[in-house]
Structure formats: structure tokens, C-alpha cells
Amino acid sequence: MTKLQAIRGMHDILMHEIPKWQFVEESIKNILNQYGYKEIRLPILEKTELFKQTIGDNTDIVSKEMYSFDDKNKTSLTLRPEGTASCVRAGIEHGLFHNKTQRLWYMGPMFRYEKPQKGRQRQFHQLGVEAFGFKGPDIDVEQIMVCSRIWKKLSIKNINLEINSLGSAQSRLNYRKILVDYFTAHKNKLDDDSLIRLKKNPLRILDSKNPDMKSLITNAPTINEYLDSESNNHFAEFKEILDNGDIKYNVNQKLVRGLDYYGKTVYEWTTCELGAQDTVCAGGRYDNLVEDHGSSSTPAVGFAIGIERLLELINLEKVTDNSIPHIYLLISGNKSKKRGLLLAEEIRDQEPFIKVLTNCGDGSLKSQFKKADKSSAEIAFILGEDELEKKQLTVKYLREEKPQITIKWNEISNFLNKTLLN
Ligand code: ATP
Ligand code: MG
């Protein structure tokens with residue numbers, strides 16, 4: 001039999017990593033609540049054509065990175081590589097955008113067939129945040145503020161905002177021609193990847209990470225000269241509101257996004273702490289996507305945070321482990337065993353915030369104490385035959401130098417409230 005192993009680039013998240021995940025997930029949920037964003041849960045599988053039509057055939061994601069397969073009915077399905085496409089599909093399907101605005105978010109696994117390395121997995125997790133029906137740059141800034149608040153809550157420093165405007169479809173088309181001329185004139189300096197992009201998606205050459213291409217890209221014409229006036233105004237106002245909110249940013253005129261649906265505002269949050277995979281969050285406007293898929297005109301803007309990259313930036317000491325029990329219940333004797341399970345239930349009924357770990361299975365008191373210690377519980381309750389008879393418990397403090405005491409069963413709530421819940 002072959003050795004059982006997870007798929008390359010797809011990782012188990014083991015128990016000791018969970019507190020960090022839950023801390024981040026909870027913090028993010030609370031912040032999104034503060035801004036009135038609502039959660040939406042979307043399928044992990046969609047028809048392949050959805051991603052082809054939204055993200056674009058010539059993007060890296062669609063041309064190289066999708067996990068696609070035919071189901072038994074010969075329909076081509078794809079494990080979602082990102083969430084905006086599904087969110088737009090769901091919104092159109094359920095009429096969520098008719099004459100109303102929507103602020104939505106989702107969180108979960110995404111799948112891309114990429115070369116696994118630090119900061120790059122084949123199954124990774126994203127928080128996606130999307131707003132529909134808002135035209136002006138105020139909502140763009142609101143989403144930047146959501147990000148800032150997340151960094152602050154998670155004590156993440158050294159994170160920088162880069163912004164750009166990709167203009168209207170027409171201005172991108174005009175700029176594309178200029179770029180193609182420029183790069184064609186320097187064709188001998190292009191690497192293989194860029195030669196392909198020159199034909200298929202020339203704006204993406206600007207996104208090359210190849211150091212040999214750097215000076216060529218630095219000297220390339222920039223999009224700002226080709227922006228239409230509406231996009232120009234939108235971008236100016238966007239920057240003005242950022243300035244007004246004292247939010248620092250760099251305008252990076254070479255910032256393009258890897259998905260075709262973006263226009264006008266685009267941005268990325270990058271850090272110097274992650275090495276090559278330095279983008280933690282990326283987003284922007286996609287005002288035409290909903291309309292292009294047959295619904296009425298619905299401007300939209302959103303961003304996605306890569307949760308694994310975010311977790312790399314968080315200091316573990318700040319995270320409390322919610323799974324640590326308060327009480328470990330040691331049990332000795334057969335009769336106590338039956339009563340012990342019920343006693344733990346009574347405690348959970350009366351004190352919903354108390355976590356009780358019952359020693360299931362046998363074992364000497366000594367070995368049970370070892371388990372209690374390992375569980376990190378603060379207090380041990382001991383229910384032996386003597387305690388059972390007297391309807392009481394022996395209490396031992398596991399983390400403090402305090403003498404052991406006995407308490408009656410009917411005093412347990414009172415005791416817990418005094419010692420643990422104040
Ligand atoms: P990159 O340039 O790093 O490939 P991208 O432009 O493909 O990023 P987006 O599609 O914008 O990334 O996704 C938003 C965020 O999701 C990224 O900024 C990153 O934090 C995270 N992300 C994307 N792909 C991966 C991956 N394969 N593994 C881990 N995180 C990822
Ligand atoms: Mg990518």
C-alpha cells in the first residue's frame with residue numbers, strides 16, 4: 001500500500017495552530033460587523049465557465065492555475081481559485097443587487113495549481129470583502145479602513161498601502177497599445193514569461209518579479225497619462241479622502257492586478273516581513289463585472305486577504321487559547337464514574353462559560369493528575385468514592401500554591417463564580 005499523504009501544497013491545520021486561526025477569524029468577523037458587512041457562504045465548486053468568463057482566459061489563474069475536472073455528467077467544474085466570481089454569480093442569481101446596495105464578506109479555502117513555496121500554497125484561505133452598488137470612492141476608502149483596522153487589531157506593523165488607477169476599459173485599451181509598442185521595441189530584453197504576456201496580457205508584464213526586467217519596467221510608460229477623466233476624478237477624490245483620514249499610501253503606477261475584471265481603483269497591502277510573497281491583501285474596483293453578466297449596472301469594489309500570509313505576521317503571545325479547560329475532573333471508582341459524567345453535565349448546564357474536561361477511561365489518580373496538568377486546566381476536581389458518598393468534591397489548584405479544599409456539589413456554581421468567572 002502506498003503511504004498516505006496530503007496533496008502537495010495542501011496542508012492540515014493542526015490543533016496547536018487553531019487558536020491563532022480562531023483569533024484572527026473572530027477579530028475579522030467583529031470588525032466587519034462594525035462596518036455592516038454581512039457574511040455570505042458560497043460553494044467551493046463552480047462551473048469552470050464562471051471563472052473563465054469573469055477572471056479572463058489570459059490570466060495566470062485561468063490559463064495555468066485552476067483545478068478543473070469533469071463531473072459524471074461531463075460538466076467541467078473548478079475548485080474556486082478566488083471568491084469574487086462566485087459572489088457576483090450568487091448576487092445575480094438571487095437578485096441581491098436589484099435597487100439595493102450590499103456589503104458582503106466570505107472566508108474559506110481557495111485552490112490554485114501553483115508552485116508550492118513559502119507564502120504560496122495550493123490550498124490557501126482568503127477573506128473576501130465586497131461592496132455592490134456604490135459608485136463613489138468613499139466606499140473604496142471604507143474598505144481600506146477595514147483593512148487598517150484589521151492590521152491594528154492584530155498588531156501588524158510594517159504594512160504599506162500601494163494604490164493605482166487602471167481607468168476605464170477604453171483607457172486600458174489605449175494604454176495597452178502604447179505598452180505593446182514599448183515592449184516590442186525592447187523585445188530582446190523580455191524573458192520568456194513576458195514574451196507570452198506581450199501577446200496575451202501585456203499589462204501583466206509590469207507585474208513581473210524577475211529582477212532582470214526591473215529597469216525595463218521602471219522606464220515603461222505609465223497608465224496615468226491615458227486615464228479617462230472620470231477615472232482621474234475618482235482617483236483624485238479617493239486620494240483626497242485617504243489624506244483626510246490620515247491614511248498613508250504610495251501611488252505605484254506600475255501596479256496592475258492579475259484578474260481582468262479590475263478597473264479604476266486598485267490597491268495592494270505589502271509587507272517587508274514575508275520575503276518574496278509580500279502581498280497580504282489585494283483589491284480594487286470591478287464596476288462592469290455584474291453588468292457584463294447580464295444584470296443591471298452595479299458598480300462594485302472588493303478586496304481579498306491571504307489568511308496564511310496574515311498569520312505569518314502575527315505574534316503568537318497575543319493569542320489566547322480558547323480551548324484550554326478550566327476544570328479537569330478526576331474520577332476514581334466505578335460508581336463515581338457514572339456520577340462524574342452527570343456532574344460535569346450539571347456544571348455545563350449551570351455555567352455555560354466553564355469548560356470541563358472529564359477523565360474518561362480508567363487510570364490511577366496519579367496518571368489522571370498528569371493528564372490534568374497536561375491539559376493546562378487551572379483546577380482539578382476529584383470525585384472519589386468518599387466524595388461520592390458525601391456529595392462533595394476535592395478541589396486542587398493546579399497553577400497556584402493554594403491548599404486543597406472540599407466543596408459540596410450544590411456549592412460548585414458559587415465556587416466557580418468566585419474563583420474563575422470574576
Ligand atoms: P500573487 O501575486 O502573490 O500570486 P495574486 O495577485 O495571485 O498574488 P490575488 O488573486 O489578488 O493574489 O489574491 C489575494 C491574496 O491572496 C494575495 O495577496 C495573497 O495574500 C493571497 N494568495 C494568493 N495566492 C495565494 C497562494 N497560492 N497561497 C497563499 N496565499 C495566496
Ligand atoms: Mg498569483
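Let's begin with a pair of helices in this predicted model: α5, spanning residues 137–153, and α9, spanning residues 229–244. Their axes come within 9 Å and cross at roughly 45 degrees. That angle is why α5 counts as oblique to α9. The crossing also has a hand: α5 passes α9 in a right-handed fashion. If you wonder why both a distance and an angle are quoted, two packed helices are described by the angle between their axes and the distance between the axes.

Now turn to ligand 1. There are 16 residues around ligand 1, and those that come nearest are Arg-112, Glu-114, Arg-120, Gln-121 and Arg-257. Sorted by class, the shell holds 6 charged, 5 polar and 5 nonpolar residues.

Which atoms pair up here? In Arg-257, a polar side-chain atom lies 2.3 Å from an oxygen atom of ligand 1. Thr-279 contributes through its backbone, where a polar atom is 3.0 Å from an oxygen atom of the ligand. Arg-309 uses its side chain instead, with an N or O atom 3.2 Å from a ligand oxygen. How much of ligand 1 does the protein cover? On its own, ligand 1 has 580 Å² of accessible area, and the protein covers 92% of that.

The elements giving two or more residues to the shell are β6 (123–132), β10 (279–285) and β11 (300–306). Of the shell, the largest share comes from β10, with 4 residues.

Technical notes
Residues numbered from 1 in each chain as written. Chains lettered and ligands numbered in written order. Predicted model: local features only at pLDDT ≥ 70, side-chain atom pairs only at ≥ 80, totals over all residues. Heavy atoms only, no water. Near = heavy atom within 4 Å. Polar contact = N/O pair within 3.5 Å; in protein donor to acceptor, adjacent residues only side chain to side chain. Areas by Shrake-Rupley, 256 points an atom, 1.4 Å probe, with all protein chains shown as cover. Nonpolar A, V, L, I, M, F, W, Y, C, P; charged D, E, K, R; others polar. Axes fitted to C-alpha atoms, helices over the stretch in contact; angles between N-to-C directions. Parallel < 35°, antiparallel > 145°, perpendicular 65-115°, else oblique. Left-handed = near helix turned anticlockwise from the far one by under 90°.
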